[in-house]
Structure formats: C-alpha cells, structure tokens
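Work through the exercises below with the sequence and the structure at hand. Try each task before reading its solution.

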Amino acid sequence: MRLSDLRSAATDYEGALKAILRAIEADRYAEHFYRRAMTFFGRLGRASDIKRIYRELVAALADELDAEPDSETSDLKDRLLQQLSQPT
C-alpha cells in the first residue's frame with residue numbers, strides 16, 4: 001500500500017494530499033495522481049483547489065503532449081464540484 005493510500009484510509013487527507021502533490025511534481029503527466037488530488041480536495045471541501053489542479057493538468061498536457069485530460073478525469077472534476085455545490 002502506498003503512503004497516500006495509508007493516509008487516506010486513516011482519513012489523514014491533508015497528509016495524503018501532500019504525498020500526491022509530491023508525486024505530481026515528479027510526474028506532471030500522470031492523470032491518476034491528479035484524480036487522487038481532486039478526490040482529496042473534494043473530501044476537504046476545497047472546490048477552488050479542484051479547479052486549480054485540473055487547470056494545471058490541462059496546461060501540462062496541452063503544452064507538452066498536445067493532449068487533453070481523459071473523460072474519467074473531467075467527469076470526476078465535474079462530479080466533485082457538483083457534490084460540493086449541493087446544500088448539506
């Protein structure tokens with residue numbers, strides 16, 4: 001089990017997020033890291049950070065690979081933002 005998985009299981013979302021953000025620094029094109037980051041931001045209620053990390057992924061893929069995020073990543077972003085906008 002990876003560090004981010006262990007911390008996520010223990011609900012240490014801030015710690016898990018730090019591990020994932022370090023992973024993104026090491027590999028700017030690994031979408032699964034961005035999805036994990038968005039998930040942790042969602043658990044922490046940080047909609048603006050979901051939008052920011054998604055924009056960073058879009059820019060990295062477009063600038064270097066002339067590509068766009070997978071639909072899985074875009075769908076996750078939309079779903080998380082919708083959940084956060086729902087009144088509790």
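This is a predicted model: local features need pLDDT of at least 70, side-chain atom pairs count only at pLDDT 80 or more; totals for chains, interfaces and linings use all residues.

Residues are numbered from 1 along each chain as its sequence is written, and side-chain values use heavy atoms, with hydrogens and water left out.

**Exercise 1.** State how many helices and strands the protein chain has, and what percentage of its residues count as buried.

Solution. Step one: helices (H or I, at least four residues) and strands (E, at least two) are DSSP runs, numbered from the N terminus. The protein chain has five helices and zero strands. Step two: buried means under 20% relative accessible area, exposed over 50%, and partly exposed in between (1.4 Å probe, protein chains only). Of the 88 residues in the protein chain, 40% count as buried.

**Exercise 2.** Check the span of H4 and find where its buried residues lie.

Solution. Step one: the expected span is 1.5 Å times one less than the number of residues. For the 19 residues of H4 this gives 27 Å, and the end C-alpha atoms are 27 Å apart, so the two agree. Step two: the buried residues of H4 are Asp49, Ile50, Ile53, Tyr54, Leu57, Ala60 and Leu61. Seen down the axis of H4, they fall within an arc of 135° (taken from the directions from the helix axis to the C-beta atoms), so they line one face of the helix. Step three: the face turned away from this buried side carries exposed Ser48, Arg55 and Asp63. Step four: contact means heavy atoms within 4.5 Å. The buried residues of H4 pack against H2, H3 and H5.

**Exercise 3.** Name the residues that touch the most other members of the largest nonpolar core.

Solution. Step one: a nonpolar core is a set of buried Ala, Val, Leu, Ile, Met, Phe, Trp, Tyr and Cys residues joined through side-chain atoms within 4.5 Å. Step two: among the 22 residues of the largest one, these are Ile24, Ala37, Met38 and Ile53. Two or more core residues come from each of H2 (13-26), H3 (31-43), H4 (47-65) and H5 (71-85).

**Exercise 4.** Is Glu31 buried or exposed, and which side chain does it join in a polar contact?

Solution. Step one: Glu31 is in helix H3. Its relative accessible area is 11%, so Glu31 is buried. Step two: a polar contact of 2.5 Å joins the side chains of Glu31 and Thr73. Such a contact is a pair of N or O atoms within 3.5 Å; within protein, one must be able to donate a hydrogen and the other to accept it, and residues adjacent in sequence count only if both atoms are side-chain atoms.
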